[in-house]
Amino acid sequence: MDQETVRTICYLARLEIDQKKSSKIQKDLETIIELIGGLQTIDTSDIEPLYNPLEMTASTHEDIVNSDNEKEKFLKNAPASNEDYFLVPRVVE
Amino acid sequence: MSIQFKSIVELRGMLDEKLISASELTQETLQLATKYQELNCFVTMNKEVATKKASGIIPSDEISSWLEGMPLAQKDLFCTKGLRTTCSSKILADFIPPYTATAVEKLEDAGAITIGKTNMDEFAMGSSNETSFFGNVHNPWKKGYVPGGSSGGSAAAVAAGIVPAATGTDTGGSIRQPAAHCGITGLKPTYGRVSRWGMIAFASSLDQAGPLARTAEDCAILLNSMSGYDLKDTTSLNSDVPDFLANINQPIDGVKIGIIKEFNLGELDSEVQARFEESKRMYEKLGAQFVEVSLPNISASVPTYYSIAPAECSSNLSRFDGVRFGHRAENADDLNDLYIKSRSEGFGDEVKRRILIGTYALSAGYYDAYYKKAQQVRRLIKNDFDHVFQSVDILMTPTSPNTAFKFGSKGTQNPVELYLEDLFTISSNLAGLPAISIPHGQVNSLPAGLQLIGNFLKEDQLLNAAHLFQKNSDFHLSQPNLEDFS
């Protein structure tokens, strides 16, 4: 893992790394990737991945309006909002 | 009569015999929390609401529910309506949820009183509670030593006798390992047994809520209330919930307990081995039979977990964007800059490290090699468990290869060193199985934990075996000397 890869992953994850910590992070990531890389020695041909221990599809239910979804309550937690929307820096000039 | 170090069963007796009122119990609990605040167990107290709820509980001669008026602490990962919920992260330092997590709501509906929110590793990512934005929690058994993690504040609050029980969550050992390090009992239920709704997600296919308490009996009481199907959690199990308390006290004659060959227990510290052998003899005396079993892929649990958990974490934590809730950076140039600055300022180093690993594992070109590969190995690990549970009822391991360690002594140079601490606990999360940790003596004056892993939905067997152990031993009654903390 080189510095360029670390920069790319950081951008994908929308994270900025303190320059002073950059080489330590790079080394840590290399160590962890090396640990995970150990799995390559295990033969998994014809093995279906197990994405969830219950092996069930997420259950669905009727789409009924309930009292949990209150716009005002959720907007109140936003760092910046008006009466209807979350506010972000201007996107369209 | 002091309420410190009392179990739920004992406090229920005191309440029912009117030796203490619910109000007095809550006030004394809050006083203990203040007295031992140097432990740093709590991030936020719930004094006003707890006081008000307790004062509304009128003593009656009718039989109360076990938890009526019982003070509990909640891990600060459960959303609590109107009560700050931080996940021990700067990014949620001012977050006040508009709803309460199902698991907590069920306990409160049963009469429990939430006295505060407990400190933890940031977003539950850690095994030592050292990644919290709100500082380290001390192990009540030794100042300057970790309580384990990530539910370290919950474990320390119970071990210090402040509360009889607390909630925790377990993604790779985060209930069992701190329970072991603090000398208490902690249960991770079967995946899906307890609703995850309102739990701030770390790794959704591994996270599971459960109780930390002084005894297996008290864990059964909490689990009775916490369990059950929840429409709001799409992976909640719609299956019968037995009365866990009624099912303890069964004999274990002929119960088969497996010892996992691949864990090479002979390589552990000789004192850790000695405690394990003593516990094995205890179970033999109680009528259990031991057999050596092989789970050929279990040694791959740690790398499998550290591919899957960060991948799910990177996806789950993408919701923290500085827009809808949580910390928002000032002076962002544009929307992208707002995301980057808010997240970079809000997350700590370990969380960032795991997001980056997960992003890498899920990125184009690496997905098959890391993420899919790990999920395939996960299937092999689960198959191994399915196979051994055809011939044994329970698997037994130490909870952790070591006891609690000094602040800063592990994982600072090499994070993998700390990851390996999870060796014995991680596999049950990957397979979704229940597991319990009970105290079984000390190693170098610090508590050591014994882990029992059960088959799918067999919490009743684990609680029964743990309860029998505690009926025949007094390790769970040991109390730390708290002079250094008051």
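The briefing that follows takes up confidence, the contact between the chains, a pair of helices, and several individual residues.

This is a predicted model, in which local features need a pLDDT of at least 70, side-chain atom pairs count only at pLDDT 80 or more, and totals for chains, interfaces and linings use all residues. Residues are numbered from 1 along each chain as its sequence is written, while chains are lettered from A and ligands numbered from 1 in the order in which they are written. Helices (DSSP runs of H or I, at least four residues) and strands (runs of E, at least two) are numbered from the N terminus.

**Confidence**

- For the complex, the predictor gives an ipTM of 0.94 and a pTM of 0.97.
- Chain A averages a pLDDT of 90, with 99% of the residues scoring at least 70; within chain A, confidence is lowest in helix α3 (residues 71–76), at a mean of 89, and highest in helix α1 (residues 3–12), at 93.

**Where the two chains meet**

- In total, 55 residues of chain B are in contact with 41 residues of chain A, two residues being in contact if their C-beta atoms, placed from the backbone, lie within 7 Å.
- On the side of chain B that touches chain A, at least two residues each are supplied by α9 (301–316), α10 (335–346), α11, α12 (367–388) and α13 (415–419) of chain B, and the largest share, 11 residues, comes from α12(B).
- By class, that side of chain B has 28 nonpolar, 16 polar and 11 charged residues, where Ala, Val, Leu, Ile, Met, Phe, Trp, Tyr, Cys and Pro count as nonpolar, Asp, Glu, Lys and Arg as charged, and the others, Gly among them, as polar.

**A helix pair across the two chains**

- Two packed helices are described by the angle between their axes and the distance between the axes.
- The axes of helix α2 (residues 22–37) of chain A and helix α11 (residues 349–362) of chain B come within 11 Å and cross at roughly 55°; such axes are lines fitted to C-alpha atoms, for helices over the stretch in contact, and angles run from 0 to 180 degrees between N-to-C directions.
- α2(A) and α11(B) are therefore oblique to each other, since angles under 35 degrees count as roughly parallel, over 145 as roughly antiparallel, 65 to 115 as roughly perpendicular and the rest as oblique.
- From α2(A), the contact is made by A:Ile25, A:Asp28, A:Leu29 and A:Ile32, and from α11(B) by B:Arg353, B:Leu356 and B:Ile357; these residues divide into five nonpolar, no polar and two charged.

**A covered helix in chain B**

- Helix α7 (residues 216–226) of chain B is mostly covered, as 11 of its 11 residues are buried; a residue is buried if 20 or more other C-beta atoms lie within 10 Å of its own, exposed if 12 or fewer, and partly exposed in between, with C-beta atoms placed from the backbone.
- α7(B) is followed by B:Gly228, whose phi is positive, near 125°.

**Backbone exceptions in chain B**

- Most residues other than glycine have a negative phi, and most peptide bonds are trans.
- B:Ala124, in the loop between β3 and α5 of chain B, has a positive phi near 70°, and B:Ala124 is buried, with 30 other C-beta atoms within 10 Å.
- B:Ser445, in the loop between β10 (435–443) and β11 (446–454) of chain B, has a positive phi near 65°, but B:Ser445 counts as exposed, with 8 C-beta neighbours inside 10 Å.
- The peptide bond from B:Gly149 to B:Ser150 is cis, with omega near 15°, and B:Ser150 is found in the loop between β3 and α5 (152–159) of chain B.

**Two further loop residues**

- B:Ala110 lies in the loop between α4 (102–109) and β3 (113–118) of chain B, where B:Ala110 is partly exposed, with 17 other C-beta atoms within 10 Å.
- Leaving out residues up to four places away in sequence, B:Ala110 touches B:Ser65, B:Leu67 and B:Ser225.
- B:Phe133, in the loop between β3 and α5 of chain B, counts as buried, with 20 C-beta neighbours inside 10 Å.

Key: pLDDT is the predictor's confidence in each residue, from 0 to 100.
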